[in-house]
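I opened this structure to look up its sheets, the helices on them and a few single residues. My entries follow.

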Amino acid sequence: MSSILDSKQTLKAAGALLKHAAKVSEANEDQLLQDEEPIWLVVTTKKFSENSNIKPAKIPLRHPIISPGVDICLFTKDPQKEYKQLLETKGVKRISKVMGVSKLKAKYKTYESKRDLCQSYGLFLADARIIPMLPKLIGKKFFERKKQPIPINLTVGNIDNEVKKILSSTYMFKPNGTCMSIKIGLTSQSAQEVAENIDYAITHIVEKIPKKWKNIQSLHIKTTESIALPIFNSLPDDVNTIQIRPVKSN
């Protein structure tokens, strides 16, 4: 039921956010700034599971937000050489680096080394079979910067197609609390493209939330540093229980 969202309000908010981002960029033109910033869809729920899920849900987008030139690091089971050869055999060319678990353990032990690794690649993938062991190995910096490795099935026949699906999607990491942020667009995109991404993705997002729309308190969009602009707010639960009684005349 994505019709619950007002597409006009979404487009208006996207336009306002992009104008704000452009003004901030102009005001800081003497500083080293990225050409584009992520735009986040902030989903606030009334209730959510107490336990977060380290495996993210894949959310398809109308307009991809992962740059074609982004460097991708893939974490695999050991031996890593076997998986390098597998990617070559399958014709997968988008992976920049393949790193086995043993190398990850040995080379990236300190906080500084893990931080440097996090900054070295734009996107991290991981064999779905090793996802549960990664949080301790990569450290909290990956999670703070929302660069958790995306699971990929390396046992399928067409791995290259799996990579393409990943690059055309965004990911929803379920939180411990009631608020989560999903990367939904880029400041380099048009307001129309950002709005279309939201309209296209929201149905898939809602399907992953317990009780679906009934459990959604609000939806906002923002850049990393901006204020959050509302695109949806639900009525308080008690509004639906209020009974209006006729006033008796004297």
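I count two strands as paired if DSSP finds at least two bridges between them. Helices (H or I, at least four residues) and strands (E, at least two) are DSSP runs, numbered from the N terminus. The model is predicted, so I kept to its limits: local features need pLDDT of at least 70, side-chain atom pairs count only at pLDDT 80 or more, and totals for chains, interfaces and linings use all residues. Residues are numbered from 1 along each chain as its sequence is written, and side-chain values use heavy atoms, with hydrogens and water left out.

**Entry: the parallel sheet**

I looked up the strand order. Four strands make an open sheet, S4-S3-S5-S6, with parallel pairing. Strand S4 (97–100) and strand S6 (150–152) are the edges, each pairing on one side only. On average, neighbouring strands here are turned by 30° against each other, direction ignored. For angles, axes are lines fitted to C-alpha atoms (for helices, over the stretch in contact), and values run from 0 to 180 degrees between N-to-C directions.

I then went through the pairs. S3 (residues 72–76) runs parallel to S5 (residues 123–127), with four bridges between them. Ile72 has Leu123 in S5 as its bridge partner. On S4, S3 again pairs in the parallel sense over four bridges. There Cys73 is opposite Lys97. From S3 the chain passes through helix H2 (residues 80–89) to S4, a right-handed β-α-β crossover. Right-handed means that, with the strands pointing away from the viewer, the path from the first strand over the helix to the second runs clockwise.

Next I checked what covers this sheet. Helix H7 (residues 159–167) lies across S3, S5 and S6, at about 155° to S6. Contact here means heavy atoms within 4.5 Å.

**Entry: burial in S3**

Is S3 mostly covered or uncovered? It is mostly covered, with five of its five residues buried. Buried means under 20% relative accessible area, exposed over 50%, and partly exposed in between (1.4 Å probe, protein chains only). In a regular strand the side chains alternate between the two faces of the sheet. I found Ile72, Leu74 and Thr76 pointing one way from S3, and Cys73 and Phe75 the other way.

**Entry: cysteines**

Why does Cys73 count as buried? Its relative accessible area is 0%. Cys118 is buried too, because its relative accessibility is 0%. I searched the whole structure for disulfides (cysteine sulfur atoms within 2.5 Å). The search found zero.

**Entry: Lys136**

I checked one lysine. Lys136 sits in helix H5 (residues 134–138). Lys136 counts as exposed because its relative accessible area is 77%. Lys105 is 31 residues away from Lys136 in sequence, and their C-alpha atoms are 9.7 Å apart.

**Entry: the antiparallel sheet**

Another open sheet has four strands in the order S8-S1-S9-S10, paired antiparallel. Strands S8 (179–186) and S10 (229–233) are at the edges with a single partner strand each, so one side of each has no neighbour in the sheet. Neighbouring strands are turned by 20° on average, direction ignored. S9 (residues 216–222) and S10 run antiparallel, joined by four bridges. Leu219 is opposite Phe232 in S10.

Two helices went into my notes. Helix H1 (residues 7–27) packs on the sheet and touches S1 (38–45), S8, S9 and S10, making about 165° with S10. Helix H8 (residues 191–207) also packs there, touching S1, S8, S9 and S10, at about 145° to S8.
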